[in-house]
Amino acid sequence: MHKITSLTTVALLASFMPVAQGLELFNNDKSRLDFKGNLSVYYINSGETAEINDGFSRYTFSLSHQMKDNWQAVGLLEWGIQISNTADHIYVGNNGLTSTGPTTDTTWLRLGYVGFEHETYGRFTMGKQWGVSFDVAGVTDHFEIFGADAQGTFNFGTDGGFSGSGRAEQAIQYKVNYQKFSFAAQYLVSDDEVRTSEIPGAEDAFGVKFNDSYGLAVIYQAPFDLGFGLAYNKAKISLIADIDKVNDYRQSAKADDQLITAHITYRPYGSLGLHVAVVFTDMTYHEVNDIGTVMAKSSGVELFAAYRFDNNISVIVGYNSLTDDSPTSIDSVSDYHLKYYILSAKYHWDENFYFYIESKIDDSILVAAGSNQGENATGVGMMFVF
């Protein structure tokens, strides 16, 4: 009889094993443990600054256990890894590693949940997991360095865990498939606070306090290789302004953080030939501009289009647009428009290893004078998927 006593021991053993597209560590026809992940590092140059930075390096343990009546217990643990511990001088967008994990930690928990599922009755899970709105927004989340600024997933400079739109903290989810449709519902328990201001001298003066939230999503796989998705996420928040730090004077205004996400896709990601995905978002008190001011209304568009040739080369074009649409009576209104284009190419030496080059051509209108968010940048790197 096989017995695994420690995930730490398994992780150490796995580090010495050859791996390719996931490694089955244990399987006795009833219980199974798999190990997978990826390693990515890139060189990036923006203006007068250049550095070696981390991609989306991570490792994942997924567990399953067959139970009676065709039910299955499931669990997942995923850690992010920081390989190249550099200072974050270059702004690469919310899709960058340092926006989704602590910059001082070399390893941190990205995801962790437990639950049960049935082929007919669906899947129920609890823990830190991708929000149901990411099931819709994630179709364009395939850039190597830039992107994800307009889809509302990683809002308020976090991994989207507190609002539930990204890697949702303390989330309860139910998902079920019916014919060509996928349905999902989520409830999130939250009592957290983040600081959003980047105004010099007032970095801690403004913030957002999160309360409970919920989300709904539906995805339809249509004929002709088309896909359509729609999601709604709503969180109760309080907008905080610490007006007088000396006398501890704080103002707080309650608001609804709302995110509506829709997508259209053509053919699956990674297909030979053409693949296209577009995400549209409408946001209320869900995102901040480049100085950390919460926008009362904003909207976004993200495009990911790729063509993979038979010679293992992929060419990718992308577009991100995030606009402040706040009413003129709201303080957050501005000419802010984060807008840039992405040009990228990959060479797939193997399905598990590829090189990439990715450039951002920026045409943004920013609030902060001299902000480096609006700079053009180019990165060259490699990815090893196991």
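Predicted model: local features only at pLDDT ≥ 70, side-chain atom pairs only at ≥ 80, totals over all residues.
**Entry 1: the side chain of Q186.** The side chain of Q186 makes a polar contact with the side chain of Q173, at 2.8 Å. I then turned to G164, whose backbone oxygen lies 3.2 Å from a polar atom of the Q186 side chain.

**Entry 2: the setting of Q186.** Is Q186 buried or exposed? I found a relative accessible area of 4% for Q186, which is under the 20% cut-off, so the residue counts as buried. Q186 belongs to strand β9, which covers residues 181-188. Leaving aside residues up to four places away in sequence, I noted that Q186 touches, among others, W130, G131, V132, I172, Y214 and N233. Q173 and G164 are also among the residues that Q186 touches.

**Entry 3: the protein as a whole.** I recorded two helices and 19 strands. Of the 386 residues in the protein, 48% are buried. I next looked up contacts between residues at least 6 apart in sequence, and 59% of these join residues at least 24 apart. The accessible surface comes to about 18,700 Å², and carbon and sulfur atoms account for 58% of that surface.

**Entry 4: the largest pocket.** I read that rolling a probe the size of a water molecule over the atoms shows where empty space is left. For the largest pocket I noted a volume of about 1,300 Å³. Which residues lie nearest the centre of this pocket? They are N38, R58, D141, H142 and Y269, out of a lining of 50 residues.

How values were computed:
Residues numbered from 1 in each chain as written. Heavy atoms only, no water. Helix = DSSP H or I, 4+ residues; strand = E, 2+ residues; numbered from the N terminus. Buried < 20%, exposed > 50% of the residue type's maximum accessible area, 1.4 Å probe, protein only. Contact = heavy atoms within 4.5 Å. Areas by Shrake-Rupley, 256 points an atom, 1.4 Å probe, with all protein chains shown as cover. 1 Å grid on protein atoms, 1.4 Å probe; cavity = no way out; pocket = protein on both sides within 12 Å on 5 of 7 lines; lining within 4 Å. Points joined across faces, edges and corners; volume = space filled by probe spheres on them. Polar contact = N/O pair within 3.5 Å; in protein donor to acceptor, adjacent residues only side chain to side chain.
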